[in-house]
Amino acid sequence: MLANEKFTDLYLNAKENDGQGRHYWKMDGNVMLLPDAYQGEAEYLYQASILIGRPVFCISHGVLRYRGQMLEHLSGRTVVLRRLSTDLPRWQDLGFPPGVLTTLINGNSTLGIKSLLENKAGLVLVSGETDAGKSTTLAALMRELLLLKPWVGVTIEDPAEYQL
């Protein structure tokens with residue numbers, strides 16, 4: 001099963017002229033042809049992704065979750081699946097400088113930053129390039145805030161990467 005392997009991405013391609021699909025995975029930063037033992041599972045994920053019919057989506061298979069993107073091109077369709085973590089990240093594991101979380105939670109009057117806990121309403125907007133860790137950062141922040149206050153946390157993202 002794919003769940004036993006340490007890959008980060010799957011590249012699932014439509015059948016080519018010889019009738020064979022070409023499926024690849026990225027492992028340790030290298031893109032390689034997916035071993036034959038996993039081709040059937042990859043074909044299942046490819047077909048399931050096509051049935052979803054959206055250009056950007058999330059899909060689960062067994063214990064794994066993926067963020068997917070469907071790409072149309074001259075020779076057919078490619079589906080790219082990024083393996084998602086099933087564990088909510090911990091803030092302290094993200095590598096932020098000491099004090100960032102404390103400043104966000106407690107505020108800092110010198111810097112003019114109000115505490116997230118003091119605000120009755122508001123919006124936190126995080127932006128950045130692809131794969132910069134936006135969803136991971138927000139999931140970790142939401143986790144910390146929900147541990148401190150009995151709030152209801154709402155996130156809006158499409159597709160949703162973490163299940164809070």
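Select Val152 to begin, in the segment that follows helix H3 (134-148), where helices (H or I, at least four residues) and strands (E, at least two) are DSSP runs numbered from the N terminus. With a relative accessibility of 74%, Val152 counts as exposed; exposed means over 50% relative accessible area, buried under 20%, and partly exposed in between (1.4 Å probe, protein chains only). The model is predicted, so local features need pLDDT of at least 70 and side-chain atom pairs count only at pLDDT 80 or more, while totals for chains, interfaces and linings use all residues. Residues are numbered from 1 along each chain as its sequence is written, and side-chain values use heavy atoms, with hydrogens and water left out.

Next, step back to helix H3 itself. Its 15 residues, at 1.5 Å a residue, should span 21 Å, and the end C-alpha atoms are 22 Å apart, which agrees; the expected span is 1.5 Å times one less than the number of residues. The buried residues of H3 are Ser135, Thr137, Ala139, Ala140, Leu141, Met142, Glu144 and Leu145, and helix H2 (100-106) is included in what covers them.

Now select His23, in strand E2 (residues 21-27). Is His23 buried or exposed? At 1% relative accessibility, His23 counts as buried. Its side chain is joined to that of Glu43 by a polar contact of 2.8 Å, and a polar atom of the His23 side chain also lies 3.4 Å from the backbone nitrogen of Asn13. A polar contact is a pair of N or O atoms within 3.5 Å; within protein, one must be able to donate a hydrogen and the other to accept it, and residues adjacent in sequence count only if both atoms are side-chain atoms. Leaving aside residues up to four places away in sequence, the residues that His23 touches include Tyr11, Leu12, Leu33, Leu34, Gln39, Ala42 and Tyr46, contact meaning heavy atoms within 4.5 Å.

Follow E2 onward to Asp28, in the loop between E2 and strand E3 (30-33). Asp28 counts as exposed at 71% relative accessibility, and its phi is near 55 degrees, a positive value in a residue other than glycine. Most residues other than glycine have a negative phi.

The last stop is the set of 3 salt bridges in the structure, each a side-chain nitrogen of Lys or Arg within 4 Å of a carboxyl oxygen of Asp or Glu. Select Asp9 and Arg82, whose closest N and O atoms are 2.5 Å apart. Asp9 lies in strand E1 (residues 9-15) and Arg82 in strand E6 (residues 76-84), so this pair ties together parts that are 73 residues apart in sequence. Asp9 is buried, at 3%, whereas Arg82 is partly exposed, at 23%. Finally, select Asp93 and Arg90, a salt bridge with the closest N and O atoms 3.0 Å apart.
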